Amino acid sequence: MTSLVVHGGTPLRGRIIPSANKNAVLPVLCATLLTCEPLRLLGVPDITDVRKILEIFRTLGSDVKMDHATGTLELHHHETVFDCARHRLPEEMRSSIMLVPPLLARFGVARLEDNVKGCTLGVREIDPHVEVFRRFGSQIERAEGSLVVRAANGSLTPNNHWLDYASVTTTENFVLCAAAAKGSSTLTNAASEPHVQEFCRFMAMMGVRIDGLGTSRLTVHGGGKLNGGEFRFDEDFHEITTFLALGAITRGDVIVRNSAPETFPLIDRTFEKFGVKITHEDGWSRVIPNGPLKVQTPFTSNVLTKVEAAPWPYFPVDLLPIFIALGVRAQGNAMFWNKVYDGALGWTGELSKFGAHVFSSDPHRLVTFGGNPLSPAVVESPYIIRVAIALFMVAASIEGRSEIRNATPIRRAHPNFVENLRSLGVRVEWTSEE
Ligand SMILES: CC(=O)N[C@H]1[C@@H](OP(=O)(O)OP(=O)(O)OC[C@H]2O[C@@H](n3ccc(=O)[nH]c3=O)[C@H](O)[C@@H]2O)O[C@H](CO)[C@@H](O)[C@@H]1O
Ligand SMILES: C=C(OP(=O)(O)O)C(=O)O
């Protein structure tokens, strides 16, 4: 088991250059398989999910040159072979599902392991993806522990589709299929998160025309030969928010580079609900101590201040645990509403080991009764990246030694997490035991 051990209580101070967003990098990596031309990707983070995808590319026979020191990846998928019986797509990460369309486009067949669930956020459906593959003319067969997807007649046919729900990876899968299908395909109720937009910009760089970028209706004009080229990843708004929140919870002064502050108004207002002021100036975002953490009192009587997470442009669900950590530290009560996942709040019982008081009203809603004195603790993280971080945040704000057991999911999304924390003055280390 790998744990994060922290001696908390020190206000964090310093500057952070954030890495790229895993949820932009992974669909882009999958999309690279759509071209036989060379590509150069800049700002690729050294995270475990990236390593897993690069490994599968190597086994397919692609040229993969990853320079982790500079974050530069040279990729050339020119002489590749896929053997449905031999090749296994990476497990325990959601993004594997986005390798299916390029494998269909290249080889006419793909095999998807059942365990592509990613973080344990409750049931994570694959049916919306299967529906997209079928719409583009694929056939699905159940094989032992996996699904085999075949492109009828070896190619994909364009279509229009209306999603039940604005799903991030289903939208990306639609765009990937549509890019390979000759003709125009339209998706309604498309997801529009910044990482979905970034992925669409990469597709455009490869020569795919996409209308409606950033809206809930995307039309993709597909079937053309795709180019190679160069693409630099943006900064990850999750990582920017995480370091600002770490500054806030330890009453420190943290500055994070942020080239897209226009995506932050709702995140800033959510910080304000806990008495935290964020400023954006000259490409940097800053949290500075601004009195004690305190939940804002609503003007309406008998309601709780609430944070409501749903598909973009709502408050992003992956940031909810980070604000729950602020909620247990801030004086006052707040309600957190996860409108995306059923049962993704089960971990919050771990917070009571620090002495925090939270109440789960139902599988979607949680109330924090914050501001109680807390003490250091040994807590156990589920396989959820942002929960390991939230538990760490609480620990970092309490004087004394705490331990977050099973904290490795953090390595799925944040390169150099511990090194960054040390640069801000945190006493923290990874420890392993059998
Ligand atoms: C690799 C990646 O990008 N992962 C992100 C992606 O996951 P992912 O794209 O897998 O998440 P989805 O948006 O598909 O699903 C989120 C939730 O909606 C439900 N659902 C989905 C489709 C549907 O038709 N009906 C339905 O009810 C799912 O069961 C799940 O509970 O978006 C999530 C929501 O922003 C983030 O938490 C993940 O970090
Ligand atoms: C839940 C996440 O990722 P995944 O969908 O890959 O599990 C995440 O990035 O927070």
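User: How is the protein divided?
Analyst: There are two parts in this predicted model. Domain 1 covers 2–19 + 235–432, and domain 2 covers 22–232.

User: How many residues does each domain put into the contact?
Analyst: Domain 1 puts in 18 residues and domain 2 puts in 16 residues. On the domain 1 side, 12 are nonpolar, 3 polar and 3 charged.

User: And how far apart are the C-alpha centres of domain 1 and domain 2?
Analyst: Those centres are 31 Å apart.

User: Where does ligand 1 lie relative to the domains?
Analyst: Ligand 1 lies between domain 1 and domain 2, because both give residues to the shell around it.

User: Which residues come nearest to ligand 1?
Analyst: Of the 20 residues around ligand 1, the nearest are Asn23, Tyr165, Ser167, Val168 and Thr169. H1 and H5 are the elements that supply two or more residues to this shell. H5 gives the most, with 3 residues.

User: What classes are in that shell?
Analyst: The shell around ligand 1 has 9 nonpolar, 6 polar and 5 charged residues.

User: New topic: helix H3. Is H3 mostly covered or mostly open?
Analyst: Helix H3, residues 100–107, is mostly covered, with 7 of its 8 residues buried. The buried ones are Val100, Pro101, Pro102, Leu103, Leu104, Ala105 and Arg106.

User: What covers them?
Analyst: The cover over the buried residues of H3 includes helices H1, H4 and H5, along with strands S6, S7 and S8.

User: What follows H3?
Analyst: Gly108 does, and its phi is positive, near 80°.

Terms used: Residues are numbered from 1 along each chain as its sequence is written. Chains are lettered from A and ligands numbered from 1 in the order in which they are written. This is a predicted model: local features need pLDDT of at least 70, side-chain atom pairs count only at pLDDT 80 or more; totals for chains, interfaces and linings use all residues. Domain bounds come from an automatic or database domain assignment. Two residues are in contact if their C-beta atoms, placed from the backbone, lie within 7 Å. Ala, Val, Leu, Ile, Met, Phe, Trp, Tyr, Cys and Pro count as nonpolar, Asp, Glu, Lys and Arg as charged, and the others, Gly among them, as polar. A residue is buried if 20 or more other C-beta atoms lie within 10 Å of its own, exposed if 12 or fewer, and partly exposed in between; C-beta atoms are placed from the backbone. Helices (H or I, at least four residues) and strands (E, at least two) are DSSP runs, numbered from the N terminus. A residue is near a molecule or strand if its C-beta atom, placed from the backbone, lies within 6 Å of it.
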